[in-house]
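Subject: Structure handover and findings

Dear colleague,

I am passing on the structure that we discussed, together with some notes on what was found in it. Please look through the coordinates alongside the text below.

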Amino acid sequence: GPDFSSFVIAALFAQKHDVRLHLDYRDEWTQSPFEFSQPTFLAKILEKACVSHADSISMTTQSQMNNFKRHFRGNTPLFLRQNGCDNFPERAPGQLSSIEELRLCHSGSIGGHNSLEQVLFLFNELSPKIHASGRTLHLTFCGSIAENQLSLISMASNFKITTFGQLTPEQAFTHSSEADLCLLLIDHRYERYLPGK
């Protein structure tokens, strides 16, 4: 993942020691639509060199792989390796939250490439209506949250919020599967990354 220095180091190491090189793309590098990975002139040169030297490459979604094939020609073997919870065993139906509480869960990083501003505004507006129906709203967040987003959370006063911080994929999956509803903070830029997200 960004800043992809690990790809460059691995390519140099593989060339120096004459060993095979596999590039495992968890995010896109110069083709990424997000701010955390900029397609600078140097990055484009480095990525092209790493890709041309690789013996094999893996991607996390089929659409990401299709986009890669459009921009990088070659005969390097490509593999699909999903990095989400796609391959986790299906959980048996368990106890969901109580009838008095509507529990929503977001799993993943927040800040930089997404924001809580609009969704927290919406839930602040909805919370009195939900409360009037005899239920309370409870948002849970699994994953790292940027400082500017934490300040937004601290201002949300109409409902309960729990933050768990960074968790293992299995722990995050458990929290998500125990929620009544799951939140997905995405826009059109995520199109290639679904259904991985």
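Predicted model: local features only at pLDDT ≥ 70, side-chain atom pairs only at ≥ 80, totals over all residues.

Residues are numbered from 1 along each chain as its sequence is written, and side-chain values use heavy atoms, with hydrogens and water left out.

The protein chain contains six helices and seven strands, where helices (H or I, at least four residues) and strands (E, at least two) are DSSP runs numbered from the N terminus. Their order along the sequence is α-β-α-β-α-β-β-α-β-α-β-α-β. Of the 197 residues in the protein chain, 34% are buried; here buried means under 20% relative accessible area, exposed over 50%, and partly exposed in between, with a 1.4 Å probe and protein chains only. Among contacts in the protein chain with a separation of 6 or more, 67% are between residues 24 or more positions apart, a contact being heavy atoms within 4.5 Å. The accessible surface of the protein chain is about 12100 Å², and carbon and sulfur atoms hold 55% of that surface; the areas come from the Shrake-Rupley method with a 1.4 Å probe, and for residues only the protein chains shown count as cover.

Two salt bridges are present in the structure, the criterion being a side-chain nitrogen of Lys or Arg within 4 Å of a carboxyl oxygen of Asp or Glu. One of them joins the side chains of Arg26 and Asp24, at 3.0 Å from N to O; Arg26 is partly exposed at 38% relative accessible area, and Asp24 is also partly exposed, at 22%. In the salt bridge between Asp187 and Arg189, the closest N and O atoms are 3.0 Å apart; Asp187 is partly exposed at 33%, whereas Arg189 is buried at 17%.

The structure has one cavity of 30 Å³ or more. A cavity is a set of points, on a 1 Å grid over the protein atoms alone, where a 1.4 Å probe fits but cannot get out, and its lining residues have an atom within 4 Å of a point. Grid points are joined across faces, edges and corners, and the volume is the space filled by probe spheres set on the points. The largest cavity has a volume of about 60 Å³, and its lining includes Tyr25, Trp29, Glu47, Met59 and Phe72. Helix α3 (residues 62-71) gives the largest share of that lining, with three residues.

Phe4, in the segment before α1 (5-17), has a positive phi near 65° and is buried at 1% relative accessibility. Asp18, in the loop between α1 and β1 (22-24), has a positive phi near 50°, but Asp18 is exposed, with a relative accessible area of 70%. Most residues other than glycine have a negative phi.

Finally, Tyr190 lies in the segment after β7 (181-183) and is buried, at 4% relative accessible area.

With best wishes

Methods: 1 Å grid on protein atoms, 1.4 Å probe; cavity = no way out; pocket = protein on both sides within 12 Å on 5 of 7 lines; lining within 4 Å.
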